[in-house]
Amino acid sequence: TPLLLNANGTKFGKSEQGVLWLNPEKTSPYEIYQYFLSVGDAEIINYLKTLTLISKKEILELEKQTLQNPQKRLGQMALAKKIINLIYSPKVLQDCLKTNELLFSNKKKVLMQEDFLLLEKTLFCYSTQLDSIFLVDALVKTKLTTSKSEAREFIKKGSIKIFNQQIKNPDYLITKETTLFNKYILLKKSKKNNALIFFN
């Protein structure tokens with residue numbers, strides 16, 4: 001069986017950085033969905049051949065579409081859907097698709113309370129009994145950063161948002177008064193990384 005390699009030739013393995021775990025407590029289904037949705041064009045056809053049962057004809061069509069319209073990422077979408085269906089279930093896939101729509105849709109959407117109930121299932125969450133938490137601590141607790149110093153760097157670079165508001169103050173204090181529905185805070189790092197804090 002051939003090894004599955006990244007575009008840079010690095011093999012997948014538990015000793016490698018960014019490893020994916022099938023245990024949902026270590027890697028959520030949505031993280032796996034996002035990972036395969038972000039696969040590069042140079043890797044996508046090999047992944048489709050290796051990790052799915054998609055027919056040769058369909059793979060050839062996806063390869064053609066990837067070359068002609070790479071911005072549509074049709075191959076990546078097909079791969080991510082097949083992987084989540086295979087490992088989990090159609091219901092989990094629907095949760096992933098809905099989460100992506102909530103977080104990345106170009107349409108302006110006001111998040112409703114039922115939306116947060118879904119995000120609780122799909123995003124990494126940190127729960128606190130306190131009435132406030134410093135942003136640097138929140139970023140570490142939600143695993144968006146590995147340390148407070150790294151958190152401060154991301155904040156200073158303007159890479160951190162609370163909901164859609166950019167925060168550049170490393171000493172920013174998140175309070176319960178700034179939550180939605182007196183409970184939720186949605187943290188965003190760069191373009192693709194999200195996590196949820198909820199105050200109990």
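Two strands pair if DSSP finds at least two bridges between them. Helices (H or I, at least four residues) and strands (E, at least two) are DSSP runs, numbered from the N terminus. The model is predicted: local features need pLDDT of at least 70, side-chain atom pairs count only at pLDDT 80 or more, and totals for chains, interfaces and linings use all residues. Residues are numbered from 1 along each chain as its sequence is written, and side-chain values use heavy atoms, with hydrogens and water left out.

**Exercise 1.** Find how strand E3 is joined to E6, and name the partner of Ile 160.

Solution. Step three: Ile 160 has Lys 189 in E6 as its bridge partner.

**Exercise 2.** Describe the partners of strand E7 and the hairpin that E7 forms with E6.

Solution. Step one: E6 (residues 184-189) pairs with E7 in the antiparallel sense, over 6 bridges. In this pairing Lys 189 stands opposite Asn 193. Step two: the hairpin of E6 and E7 has 3 residues between the strands, and Ser 190 takes a positive phi near 55° there. Step three: E1 (residues 124-128) pairs with E7 in the parallel sense over 5 bridges, with Phe 124 opposite Ala 195.

**Exercise 3.** Write the strand order of the sheet and explain which strands stand at the edges.

Solution. Step one: 5 strands form an open sheet in the order E1-E7-E6-E3-E4, with mixed pairing. Step two: E1 and E4 (165-166) stand at the edges; each has a single partner strand, so one side of each is left without a neighbour in the sheet.

**Exercise 4.** Is strand E7 largely enclosed or open, and why?

Solution. Step one: buried means under 20% relative accessible area, exposed over 50%, and partly exposed in between (1.4 Å probe, protein chains only). Step two: 6 of the 7 residues of E7 (residues 193-199) are buried, so the strand is largely enclosed by the rest of the structure.
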